[in-house]
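Please keep the sequence and the coordinates at hand while reading.

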Amino acid sequence: MRSRVALIVTATAILLAGLVATLVLLVDAQRRTGAQIDAFARAGVGCTTTMRIERAGEYFVFAELGAEPVERVGCAPVADPGARFSVDVAGAEGVRVAADDRSITYSRGVVSAGSVQRLTADGPAEVVVTVVGSDPGVVAALGPDPYAGVDDRRALALIIGAATLLVGGTLFLVGARAGEAAGDDTAAAPNVWAPPRPERRLS
């Protein structure tokens with residue numbers, strides 16, 4: 001009886017702990033993505049901004065729709081009628097620019113965005129970005145892949161969730177079956193029948 005209760009309590013604790021850990025990792029992954037997006041350098045059409053690259057790696061230029069260009073960028077956007085949205089990146093040595101990239105999209109509140117260029121930096125550098133376009137509602141955002149490291153956390157959360165269900169569920173079933181077996185033994189005891197012994201009479 002005690003072992004059955006211990007198994008069920010242990011299984012419940014494992015399931016709850018695994019659920020909490022999974023939720024924490026998923027929420028943290030979402031928070032990290034949002035924090036990286038908020039930290040991007042931005043410039044509206046007709047504006048120029050400088051981006052400081054702190055370390056070697058890949059960085060992206062995104063076209064954001066629905067952003068607040070004046071307050072967030074610090075430059076009143078100047079549209080160029082008929083001009084196609086484009087971003088001119090003047091980089092230091094060791095920064096290579098891929099003219100066309102459509103590999104990443106994201107949304108943040110009312111803002112939706114997609115990558116338009118990819119930058120590869122060999123080390124720390126500064127790049128000067130000038131934005132041209134006919135729509136003042138489009139903002140260029142510069143930063144690393146906002147999902148970098150996030151997929152790993154989500155995968156870890158799924159692994160923890162699956163392992164928790166497997167281990168906790170197995171322990172719970174074992175405990176439940178042990179309880180059923182003990183109940184069967186207890187119920188069978190009063191039903192044991194033995195034939196009466198014949199009485200012996202003295203002649």
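This is a predicted model: local features need pLDDT of at least 70, side-chain atom pairs count only at pLDDT 80 or more; totals for chains, interfaces and linings use all residues.

Because arginine 118 lies in strand β7 and aspartate 101 in the loop between β5 and β6, the pair ties together parts that are 17 residues apart in sequence. The two partners fall into separate accessibility classes: arginine 118 counts as partly exposed at 22% relative accessibility, whereas aspartate 101, with a relative accessible area of 6%, is buried, the cut-off for buried being under 20%.

A search of the whole structure finds 6 salt bridges. One of them joins the side chains of arginine 96 and aspartate 122 at 3.0 Å, N to O, and this pair links distant parts of the chain, with arginine 96 in strand β5 (residues 95-98) and aspartate 122 in the loop between β7 and β8 (125-132), 26 residues apart. Arginine 96 is partly exposed at 45% relative accessibility, while aspartate 122, with a relative accessible area of 52%, is exposed, since the class of exposed residues begins over 50%. A further salt bridge is formed by the side chains of aspartate 100 and arginine 102, with 2.7 Å from N to O, and both aspartate 100 and arginine 102 are exposed.

## Serine 115 and its surroundings

When neighbours within four places in sequence are left aside, serine 115 is in contact with Phe60, Val61, Phe62, Asp101, Arg102, Ser103 and Ile104.

## Aromatic cluster

The structure holds 4 aromatic pairs. Phenylalanine 40 and tyrosine 106 form one that is edge-to-face, at 6.1 Å centre to centre and with 65 degrees between the planes. Phenylalanine 40 lies in the loop between α1 and β1 and tyrosine 106 in strand β6 (residues 105-108), so this pair ties together parts that are 66 residues apart in sequence. Phenylalanine 40 is buried with a relative accessible area of 7%, and tyrosine 106 is likewise buried, at 4%.

The rings of phenylalanine 60 and phenylalanine 62 have centres 6.0 Å apart and planes at 40 degrees, so the pair is tilted. Both of these phenylalanines are buried, and ring pairs link Phe40, Phe60, Phe62 and Tyr106 into a cluster.

## Overall make-up

The secondary structure of the chain comes to 3 helices and 9 strands, which follow the pattern α-β-β-β-α-β-β-β-β-β-β-α along the sequence. Of the 203 residues in the chain, 31% are buried. Among contacts between residues at least 6 apart in sequence, 86% join residues at least 24 apart. The chain exposes about 12700 Å², of which carbon and sulfur atoms supply 59%.

Helix α1 (residues 2-38) contains glycine 34, which is buried with a relative accessible area of 3%. Glycine 34 and tyrosine 147 are 113 residues apart in sequence, while their C-alpha atoms are 9.4 Å apart in space. Leucine 26 also lies in helix α1 and is partly exposed, with a relative accessible area of 35%. Together with Leu19 and Leu23, Leu26 makes a nonpolar surface patch of about 260 Å².

Arginine 42 is found in strand β1 (residues 41-44) and counts as buried at 8% relative accessibility. Its side chain reaches two backbone oxygens, that of isoleucine 37 at 2.9 Å and that of phenylalanine 40 at 3.2 Å; phenylalanine 40 is also a member of the aromatic cluster described above.

Conventions:
Residues are numbered from 1 along each chain as its sequence is written. Side-chain values use heavy atoms; hydrogens and water are left out. Helices (H or I, at least four residues) and strands (E, at least two) are DSSP runs, numbered from the N terminus. Buried means under 20% relative accessible area, exposed over 50%, partly exposed in between (1.4 Å probe, protein chains only). A polar contact is a pair of N or O atoms within 3.5 Å; within protein, one must be able to donate a hydrogen and the other to accept it, and residues adjacent in sequence count only if both atoms are side-chain atoms. Patches are made of residues with over 30% relative accessible area and no salt bridge: like charges are joined within 9 Å, nonpolar side chains (Val, Leu, Ile, Met, Phe, Trp, Tyr) within 5 Å. Accessible areas come from the Shrake-Rupley method with a 1.4 Å probe; for residues, only the protein chains shown count as cover. A salt bridge is a side-chain nitrogen of Lys or Arg within 4 Å of a carboxyl oxygen of Asp or Glu. Contact means heavy atoms within 4.5 Å. Rings of Phe, Tyr and Trp (its six-membered ring) pair if their centres lie within 6.5 Å; planes under 30 degrees apart count as stacked, over 60 as edge-to-face and the rest as tilted.
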